[in-house]
Amino acid sequence: MIAKRIFTSLFLILLVGISIAVNWLTNFTIIIFALIALYEFFTMIEKKDIEIFKYFGIGVGLMVLLSVGIRFEITRGWELLLITLALLSLILIQFKRYENSGVIISLSTTIFGVFYITWFMSFLIKLRYLNYGAGLLAAVVLITKAGDIGAYLFGSRFGRHMLITRISPNKTREGFFGGLLFSALAALASKIFMPPYFSYSHLLILGLFLGALGQLGDLSESLMKRDCGVKDSGKIFPGLGGALDCIDSLLFTAPVFYFWVLHFGT
């Protein structure tokens with residue numbers, strides 16, 4: 001399992017590195033990851049016998065990501081308008097149902113999946129289009145995933161005190177603080193490709209903040225998986241699980257970092 005995890009991690013690092021360097025490949029990679037993760041999320045929900053509009057939701061998610069990727073905006077915040085129209089369409093579809101039971105859960109879960117995965121992932125594309133975009137994107141991925149690695153290493157080696165047992169029996173307080181340490185170090189190391197307005201003290205604060213957010217994102221997905229009775233969201237990446245397992249922490253850090261940059265970069 002460790003060998004599989006290392007091999008898959010090295011493959012993903014190479015893939016992400018190449019993708020960030022090429023603009024169109026960045027968008028393509030983000031879209032593919034997001035759609036696979038959304039499919040995994042809807043599949044998990046189906047295990048709870050909830051009627052989900054899986055392919056409708058994936059279609060809406062694809063349109064959201066493509067609209068951001070090609071900078072298509074008929075109005076400001078076009079992707080939110082698209083999601084709103086999708087919700088209205090889903091409500092209209094309900095009139096064809098033979099029974100009323102489960103309508104609210106089906107609607108809510110479908111739209112939640114679109115927001116939680118595809119809309120949050122779209123902020124990675126938005127980061128790429130900012131000044132210093134490639135460096136910003138590399139930084140948020142590095143800081144976030146360094147936190148994941150630190151939490152795993154420290155938790156495996158020094159973990160004694162459970163963090164939140166009912167959500168994830170393998171996560172420890174030692175792992176949490178180890179993740180923060182790795183995220184902070186990664187943030188400092190990212191100085192070389194970050195905009196000049198990020199001082200080392202600024203990066204230290206950013207690293208700790210994003211490190212905590214990333215681990216909350218990981219815990220949030222663990223909570224959903226436990227509710228659905230699954231260990232991993234999928235099996236596409238040997239040793240790591242599914243696409244959602246790989247991006248769960250980025251779903252929390254990407255939008256926050258985007259607005260962080262907008263605030264401090266203006």
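Contact here means heavy atoms within 4.5 Å, and on that basis residues 24 or more positions apart account for 71% of the contacts in the protein with a separation of 6 or more. The structure is a predicted model, in which local features need pLDDT of at least 70 and side-chain atom pairs count only at pLDDT 80 or more, while totals for chains, interfaces and linings use all residues. Residues are numbered from 1 along each chain as its sequence is written, and side-chain values use heavy atoms, with hydrogens and water left out.

The protein has ten helices and zero strands, where helices (H or I, at least four residues) and strands (E, at least two) are DSSP runs numbered from the N terminus. The radius of gyration of the protein is 19 Å, close to the 18 Å that the globule rule gives for 266 residues, so the protein is as compact as a globular protein of that length; the radius is taken over C-alpha atoms, and the rule is 2.2 Å times the number of residues to the power 0.38. Along the principal axes, the C-alpha trace of the protein spans about 60 × 45 × 30 Å.

As for charge, the mean positions of the 22 positive and 15 negative charges are 6 Å apart. In that count Lys and Arg are positive and Asp and Glu negative, with His and the chain ends not counted, and the place of a charge is taken as NZ of Lys, CZ of Arg, CG of Asp or CD of Glu.

The interior can be followed through its nonpolar core, meaning a set of buried Ala, Val, Leu, Ile, Met, Phe, Trp, Tyr and Cys residues joined through side-chain atoms within 4.5 Å. The largest such core has 69 residues, of which Ile117, Phe198, Leu206, Leu244, Ile247 and Phe257 touch the most other members. Helix H5 gives the most to this core, with twelve residues. Leu206, leaving aside its neighbours within four places in sequence, is in contact with Ile143, Met194, Phe198, Phe257 and Trp260.

Thr118 is buried, with a relative accessible area of 0%, and, not counting residues up to four places away in sequence, Thr118 touches Ala34, Leu38, Gly61, Leu65 and Gly113. Ser122 is likewise buried, with a relative accessible area of 0%, and, with residues up to four places away in sequence again not counted, touches Leu65 and Val68.

Gln215 is found in helix H8 (residues 200-228), whereas Gly175 lies in helix H7 (residues 173-189). Gln215 has a relative accessible area of 9% and is buried; not counting residues up to four places away in sequence, Gln215 touches Ala151, Gly175, Phe176, Gly179 and Leu180. Gly175 is buried too, at a relative accessible area of 3%, and under that sequence limit of four places touches Gly150, Ala151, Phe154, Gly155 and Gln215.

Glu46 has its place in helix H2 (residues 23-46) and is partly exposed, with a relative accessible area of 34%; not counting residues up to four places away in sequence, Glu46 touches Ile52 and Lys54. Asp49 is in the loop between H2 and helix H3 (54-69), and at 73% relative accessibility Asp49 counts as exposed. Tyr132 lies in the loop between H5 and helix H6 (133-158) and, at 48% relative accessibility, counts as partly exposed.

Most residues other than glycine have a negative phi. Phi of Asp49, however, is near 60°, a positive value in a residue other than glycine, and Tyr132 has a positive phi of about 60° although it is not a glycine.

Technical notes
Buried means under 20% relative accessible area, exposed over 50%, partly exposed in between (1.4 Å probe, protein chains only).
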